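Please read the following report alongside the sequence and the three-dimensional view. It begins with confidence and then turns to strands, helices and surface.

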Amino acid sequence: MSSRFWFYYMFTFIFAFPLAFSYIGSFETHSWMSTIALIVGIILWIVFIWMIYNQQFKNPNTRLDEAKWLQRNGKLVEAKITRIISKKQIKENYNVLDLEVEFPNLVGTIIKTTINIHDTKPYLNRFDEGNKINLRLNTKEQPQLPWIMAEGEIGSNKGSRKWLFPFTIVYAITTFLFHYQLNSHENAWQWLSLFHPWVWTPAFGMFLFYLIAKLANMILGGSDSKTNELVLNGMEAIGQITKAEQTGKFINEQPQMRISISYTDKNGKKHFTEIKQVVLLTDLHNFKEGDKKLLYLPDEPERVMFLD
């Protein structure tokens, strides 16, 4: 299912579902408890609204600034297009492609990865298999954006949902006034308690934010910045999978594996480490005991990732 479906599914779950509890009965309690619930609710709504502001405004602007800096100042490398994974025509003279490319990272290790390209001049055949393109690699510590095309226009995400920020503010105020009108009966906010839907709605939304981020982190095997740092600065070694077993957790019906690894670094020192990684069911055969190429950080040898 598309990301649009899941967004509106979660949107309904956070904002519409709690309203059903507005009519299940009275939440009245002592006046001091109602005041505490009011303060807690206001704090939770402020935090939740701030999270949405960061997600829809601050974080995209930060990423856009980083992309512009990277295109000016990143390390220039040449990447070879090894395969066209997909090509979709959006409109005339506008194609979106997923390309498999390989290039040397900051320490000279050859990396193979996929990049997404918006091609507004397809008649030039710039992105045919075997062609070379220029990339800029991020030299900052813990980069959120690892690389970018050296040439081309940088645009903001047109699929953003900035309307969610003012909507949440209006929703918080409107639903409070609605419940006040429905339940106050000249008792101010004594109808409010810590179990009232107006109080726990923002807490529920923040929990879902955390849960989604946690699931993404488990699927990717770590935070974006840490993974990017490993890809950009990792050195290649031949590792040995000494043990691989399922943890019992499944993400999107795919098993999480606990993999024990040993490898010898460039100085001849042997290291032992363990990683957890979500593996496609169709790729389980690739994680049997035996040799496998990997990347490691010389300064943090316990951090590794597989190259293939």
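In the protein chain, confidence is highest in strand E4 (residues 132-137), at a mean of 94, and lowest in helix H4 (residues 197-220), at 77. The score in question is pLDDT, the predictor's confidence in each residue on a scale from 0 to 100, and the names of helices (H or I, at least four residues) and strands (E, at least two) refer to DSSP runs numbered from the N terminus. The protein chain averages a pLDDT of 85, and 89% of the residues score at least 70. Where pLDDT is low, the predicted coordinates should not be read in detail.

This is a predicted model, in which local features need pLDDT of at least 70 and side-chain atom pairs count only at pLDDT 80 or more, while totals for chains, interfaces and linings use all residues. Residues are numbered from 1 along each chain as its sequence is written, and side-chain values use heavy atoms, with hydrogens and water left out.

An open sheet is formed by five strands in the order E8-E7-E6-E9-E10, with antiparallel pairing. Because strand E8 (270-278) and strand E10 (300-306) stand at the edges with a single partner strand each, one side of each is left without a neighbour in the sheet. From one strand to the next, the twist averages 45°, an angle that runs from 0 to 180 degrees between the N-to-C directions of axes fitted to C-alpha atoms.

| Strand pair | Bridges | Bridge partners |
|---|---|---|
| E6 (residues 235-251) and E9 (residues 290-297) | seven bridges | Ile238 and Lys293 |
| E1 and E2 (residues 94-104) | nine bridges | Lys88 and Val96 |

The hairpin of E1 and E2 has two residues between the strands, and there Asn93 takes a positive phi near 60°.

Leu64 lies in helix H2 (residues 31-73). Leu64 counts as buried because its relative accessible area is 19%, the class being defined as under 20%, with exposed meaning over 50% and partly exposed in between (1.4 Å probe, protein chains only).

Phe17 is placed in the loop between helix H1 (3-16) and H2, and at 37% relative accessibility this residue counts as partly exposed.

How values were computed: Pairing = 2+ DSSP bridges.
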